[in-house]
Structures are given as C-alpha cells and as structure tokens.
Amino acid sequence: MARALRLAESGLFTTTPNPRVGCVIVRDGMIVGEGAHERAGEPHAEVYALRQAGDRVRGATAYVSLEPCNHLGRTPPCVETLIDAGLARVVAAMRDPNPLVAGRGLERLRQAGIEVAAGLLEGEAHALNIGFVSRMTRGRPWVRLKAAASLDGKTALRNGLSQWITGAAARRDAHRWRARSCAVLTGIGTVKDDNPRLTVRDVPTTRQPIRVIVDSRLETPLNASILDNGGALVVAAVSDDARIGALNRRGAEVIVLPDSSGKVDLKGLFEELGRRGMNEVLCEAGFKLNGSLVREGCVDELLLYIAPCLLGDDARGIVDLPALASLQERRQLAVQELRQVGNDLRVVARFT
C-alpha cells in the first residue's frame with residue numbers, strides 16, 4: 001500500500017478534478033503490476049496495473065489507495081474491470097468520499113466473491129487527497145493560506161515591499177504547493193503592489209492552476225501580469241459592463257458575487273470553486289484579505305515560511321484580525337509539520 005501511495009503521488013500536479021490514486025497488484029508475494037492515475041479522462045490506476053499484470057492477475061491481490069469506482073464517468077467503472085480480471089482480494093486504503101461511490105465499490109466487489117478490506121494507511125491516503133475529500137464532503141475545496149514572514153511575524157514593509165523575505169529554496173518549495181493546487185487566489189492589493197504572475201515556474205508541471213483575483217470594485221489593471229495567457233478569474237462585488245468587457249478581452253472571466261456589505265462573498269466564492277471541480281486552493285494574498293479569509297472561516301490550513309530576520313513593528317503582519325480582549329479569544333492551531341527549507345522554516349498548521 002505504501003508503494004501504491006507513492007505511485008499516486010505521481011499525479012500530484014495533474015489529476016484535478018479527480019483524486020490521486022495508485023494501484024499495486026501482488027501475487028505470491030511479488031508485485032506483478034502497478035499503475036497510477038495521471039489525468040482526468042485517462043485510464044485509472046487499476047487499469048494500468050491490470051495491463052501490466054496480464055495473465056498473472058488471477059487470484060492476486062490489488063492494493064489501491066482509494067476505493068475503486070463503481071460508476072460510469074469519463075472512463076468505465078473500475079470495479080467491473082477488477083471483477084472480470086479474476087482478482088481474489090482488493091485492499092483499499094480508504095473509502096471514496098464521492099457520494100456516487102461511498103462504499104458501493106467495495107460492496108460490489110464483495111458481492112462478486114472478492115475478499116475486500118479498507119483502512120490500511122488510511123491517514124496517508126486521506127492526506128494525499130485532502131482537497132478531493134473536502135469537495136466531496138463539504139462542497140468546497142481545501143484552502144491553504146500561504147505566507148512568507150520574518151521571525152517577528154511580518155510579511156511586508158509598511159510601503160508594501162516584500163520581495164524577498166525568504167530565500168530561494170523556500171520560494172522553490174512554495175511553487176510545489178502552487179503546482180498541486182487547482183487555483184491560486186490573491187487580492188487586488190497584492191496585484192497592485194507586487195504585480196505577481198502566480199504561475200508555477202520553479203518545478204516542472206504540465207498544468208497551471210487557475211489564478212483567482214478578489215477584486216470587489218473591478219480595479220485589476222489591464223496590463224497586470226496575472227492576466228497574461230488568459231485563464232484568470234476575477235471575482236467582483238459590483239457589475240460594470242465596460243470593465244468586465246475589457247477584462248474578458250484580456251482573457252479573464254469575471255463573476256459578480258457580492259455579500260450584504262458590498263464586498264465579495266468569500267464563502268460563496270469557495271462554494272463556486274467547488275462546483276467548478278477545484279480540490280485545493282492556495283491563497284497568496286496580503287494581510288487584509290488574509291484577515292477576511294480567516295474571519296470568515298474560509299481557511300483550513302496555514303503554510304508559513306519563516307525567515308531568520310526581523311522587520312519591526314511598522315511592517316505588515318500575516319493576518320489582519322481585530323484586537324483581542326483576552327487570550328481566551330485567540331485562534332488555536334495544531335502544527336502538522338515543521339521543517340527547515342534552506343535557511344528558512346516551513347510550518348504547516350491547521351485551525352482546531
């Protein structure tokens with residue numbers, strides 16, 4: 001199963017909106033076939049593994065990092081393929097959270113006389129597809145807020161300058177998190193201050209995430225780098241036909257999602273991204289939008305790169321939150337990972 005999970009990681013950047021899945025077929029203690037799902041519309045991991053196993057598949061055991069599908073999508077149901085192959089046993093790391101599957105795949109295999117089991121390395125399998133699980137169970141993507149900060153928790157100088165607080169190794173590592181994300185989200189303030197591209201450049205990938213700009217008043221400059229090559233999504237709170245038309249001509253899509261206060265409905269935005277099949281979203285914004293995202297309960301996980309430097313009290317912080325009257329009001333997080341990357345520290349923490 002550990003091998004199946006490693007195979008699944010080969011689709012880390014490419015399987016969206018599908019889950020990342022690996023499969024290993026074992027007979028008489030030997031691996032006879034293995035495969036991974038690479039892209040939506042292409043064969044699933046089980047199909048590749050069966051092809052490699054050939055006639056050796058009969059009576060074998062298949063280890064799959066996610067319950068095999070039992071519904072017709074872009075490809076035929078994997079459970080029927082597994083049944084026809086003559087397997088004796090199927091072990092899944094976790095049940096599929098997709099309501100179209102949700103245990104039915106394993107039950108169909110059991111009805112066909114195949115021994116089934118689930119739960120082996122389930123935690124690792126869940127972590128690998130945390131965004132897919134989120135979208136299937138909550139209707140919205142898993143949202144990470146990424147920031148690069150000094151030891152005193154500052155992300156930019158008072159004048160907005162922030163390039164570069166962390167070193168090259170940390171910035172390269174951050175591109176891996178971009179590459180695995182379906183979308184990278186930022187705010188109009190960051191677009192104006194930094195003119196970012198928000199594309200994946202430091203790691204090889206065949207897919208670029210969608211760039212999402214939270215821009216309540218449709219102020220995105222038409223020469224902004226983030227609009228280059230099309231595919232950007234501008235989310236506004238007002239409708240202006242002239243501005244929308246100009247952005248459309250730059251290749252951007254504009255959607256209008258106002259909340260009751262005249263700003264972008266952030267929760268509604270993530271629900272919309274979920275409907276569009278996005279599993280993971282990486283937020284790379286300024287401290288004001290970061291604060292709004294946290295206050296609205298939109299952030300699941302913080303991805304922080306901490307540089308060994310100090311920027312002082314006048315510099316901008318990570319998250320713009322209201323002052324607290326007591327420590328009991330503080331927002332608690334659980335650290336998932338702490339690792340040194342180059343000369344910087346990477347901290348992954350989740351809200352509790």
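At what angle do helix H3 (residues 78-85) and helix H4 (residues 104-111) pack, and how far apart are their axes? The legends below take this pair first and then other sites.

The model is predicted, local features need pLDDT of at least 70, side-chain atom pairs count only at pLDDT 80 or more, and totals for chains, interfaces and linings use all residues. Residues are numbered from 1 along each chain as its sequence is written, and side-chain values use heavy atoms, with hydrogens and water left out.

**View 1. Packing of helices H3 and H4.** The angle between H3 and H4 is about 25 degrees, and their axes are 10 Å apart. Axes are lines fitted to C-alpha atoms, for helices over the stretch in contact, and angles run from 0 to 180 degrees between N-to-C directions. Helices (H or I, at least four residues) and strands (E, at least two) are DSSP runs, numbered from the N terminus. H3 and H4 are therefore roughly parallel to each other; angles under 35 degrees count as roughly parallel, over 145 as roughly antiparallel, 65 to 115 as roughly perpendicular and the rest as oblique. The crossing of H3 past H4 is right-handed, a term used if the near helix is turned clockwise from the far one by less than a right angle, with anticlockwise giving left-handed. From H3, Val 79, Glu 80, Leu 82 and Ile 83 meet Gly 105, Arg 108 and Leu 109 of H4, where contact means heavy atoms within 4.5 Å. By class, this contact of H3 with H4 has 4 nonpolar, 1 polar and 2 charged residues. Ala, Val, Leu, Ile, Met, Phe, Trp, Tyr, Cys and Pro count as nonpolar, Asp, Glu, Lys and Arg as charged, and the others, Gly among them, as polar.

**View 2. Helix H10 (residues 266-275) and its ends.** Of the 10 residues of H10, 7 are buried, so the helix is largely enclosed by the rest of the structure. Buried means under 20% relative accessible area, exposed over 50%, and partly exposed in between (1.4 Å probe, protein chains only). The buried residues in H10 are Leu 266, Gly 268, Leu 269, Phe 270, Glu 272, Leu 273 and Gly 274. At the N-terminal end, Asp 265 caps H10, with a side-chain oxygen 3.4 Å from the backbone nitrogen of Lys 267. H10 is followed by Gly 277, which has a positive phi near 85 degrees.

**View 3. Arg 140 in the loop between helix H6 (130-138) and strand S6 (142-150).** Arg 140 has 14% relative accessibility and counts as buried. Beyond its neighbours within four places in sequence, Arg 140 is in contact with residues including Phe 270, Glu 271 and Gly 274. Gly 297, Cys 298 and Asp 300 are also among its contacts.

**View 4. Glu 301 in strand S13 (residues 301-307).** Glu 301 counts as buried at 3% relative accessibility. The side chain of Glu 301 makes a polar contact with the side chain of Arg 350 at 2.6 Å. A polar contact is a pair of N or O atoms within 3.5 Å; within protein, one must be able to donate a hydrogen and the other to accept it, and residues adjacent in sequence count only if both atoms are side-chain atoms. Leaving aside neighbours within four places in sequence, the contacts of Glu 301 include Trp 142, Val 143, Arg 144 and Leu 145.

**View 5. Asn 290 in helix H11 (residues 287-295).** With 1% relative accessibility, Asn 290 counts as buried. A polar atom of the Asn 290 side chain lies 3.0 Å from the backbone oxygen of Ile 318. Apart from neighbours within four places in sequence, Asn 290 is in contact with Leu 145, Ala 285, Ile 318 and Val 319.

**View 6. Backbone geometry at Pro 17, Leu 121 and Asn 195.** Most residues other than glycine have a negative phi, and most peptide bonds are trans. Thr 16 and Pro 17 are joined by a cis peptide bond, with omega about 5 degrees. Leu 121 has a positive phi near 55 degrees and is partly exposed, at a relative accessible area of 29%. Asn 195 has a positive phi near 50 degrees and is partly exposed, at 37%.
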